[in-house]
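Hi everyone, thanks for making time today.

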Amino acid sequence: MPPDSSTQSLAIVSLISIGKHPQSGRERRADQDARAVELGLSLSPNNLTVLHVGDAKQQALRQYAGMGVGEIHVLEAPVQADAVASLTDYFQENAPSIILTGVRAESGESSGMVPYLLAEKMGWPMVSRIANIVSIQEGVAEVLQALPRGQRRVIKVSLPFVASVDSAAPEARQSAFGPASRAALSIQTCAIEKDDVSENWTETPARKRPKRLKIIKAKTAAERFKAATAKPQGESGKVMVKESNQEKAEEIFNLLIEEKVIR
Amino acid sequence: MDTQTTISRGAGGSVDITRKTPRVLLLAEECADQIDETRHEALAIALDSVGQITRQIHDGGRVEVDPNAIPLAEAEFILSAGNGIHNWDQFHLVAKALGATEGASRVAVDDGFMPRFRQVGATGTWVTARVYIAVGISGAVQHMQGIGQCDKVIAINTDAGCDMVKRAALSTIGDSEAILEHLLVLVHNYKEQQAIEEDNQDAA
């Protein structure tokens, strides 16, 4: 979307986190967070705040700065601390119009709860999985929400609001190394709330195949044997050869109507 | 998972977290098989109080999406073309009328009729469409792999013995151009009728 004058001065905050490359496991900019920054940059290039809670020395933060963000705000906190508490404190003092986040973090618990908890604490509406912000007029934003199977839904929401950005949003621009190294980090201290729920968790690398809750329904050995050896029944469909082309087309059309794919 | 501990998956699916079982859980898809054999009933419960909710989000409904803008792997309804297509203009017209995402077999892509990202199959995209219409595709093994997850396959082909016909829920044997022509007319009639009905509803 080309930035228009109505959104240029809008205060937008994009929350960023440290991502993890799925193959190498190396730290990187998280994909959805980068899209949140991209969306923020395209809406309000002059008044976008990029905010991170955590370790300010983390090099991956610079990758966000390389997208053309002059400054990155960091609320210094240990990795184990609860980010929502620090964020709420911060936003109570400087409240923006829109807060953008990713849907799920790529490290940690990645429960995707941060935007919801934040919205609840602030008393703001929360729009999940947005693909784009179409327009903002008179304090009401028109937002496109991404639905499964590439579908979109229009949502109207009044400012201020929290939104999580889906992977269907416009792709993040490339990160340039020079600007990334030059960017300033403004580090603030914040109230730290220890997250004591996660203290007793143990983490292990994910097993390839999670164990299913298997319920054995077969009661006798014969039934179990049958279930294990049964071949899937090859259902051959209806074949139309001799009918006229008109009838064939009608049959296809009826099936399409039945499956509700023609709207 | 049991009553004491739960294993959940975190960090984008790369870490298993063992933790105490909370009171509310969201289950991953791989957690268990679907329920069959038993029937369940949903009952309405009366709440003592319902919190006041002010509506802040207005749902504007679905928007029309250009079917060709949907990624092929996600598309719900695909009209796919193979070597048996000779009238490409007609094919595009039908896809547009049906509102289907366009796909193609390897041959059609190699011959330059369709772009590479439209290719369905092992070397192209693995599709998950609910309804897949294969026009003039006989069904090479690689192509059948690509449509493995499709629910309803409709084949239009001249060869009644080909693999696609064996896989399809509905097969029509004959000239694809003639069948698509009739289909096009049917869709146009249907849409016109719908438009008239909508007008009537608006008037009423």
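From strand E6 (residues 131-135) of chain B, Val131(B), Ile133(B) and Val135(B) point one way, while Tyr132(B) and Ala134(B) point the other way, and all are buried. By buried I mean 20 or more other C-beta atoms within 10 Å of the residue's own, with C-beta atoms placed from the backbone. Since 5 of the 5 residues are buried, E6(B) is largely enclosed by the rest of the structure. Strands here are DSSP runs of at least two residues, helices of at least four, numbered from the N terminus.

A quick word on provenance: this is a predicted model, where local features need pLDDT of at least 70 and side-chain atom pairs pLDDT 80 or more, while totals for chains, interfaces and linings use all residues. Residues are numbered from 1 along each chain as its sequence is written, and chains are lettered from A, ligands numbered from 1, in the order written.

Now, the neighbours of E6(B). Strand E4 (residues 77-81) of chain B runs parallel to E6(B), joined by 5 bridges; pairing requires at least two DSSP bridges. There, Ala81(B) stands opposite Val135(B). Strand E7 (residues 152-157) of chain B is also parallel to E6(B), with 5 bridges, and Ala134(B) stands opposite Ala155(B).

Finally, where do the chains pair? Strand E9 (152-158) of chain A meets strand E3 (residues 57-63) of chain B in the antiparallel sense, over 5 bridges. In that pairing, Arg153(A) stands opposite Arg62(B).

How values were computed: Buried ≥ 20, exposed ≤ 12 C-beta atoms within 10 Å, placed from the backbone.
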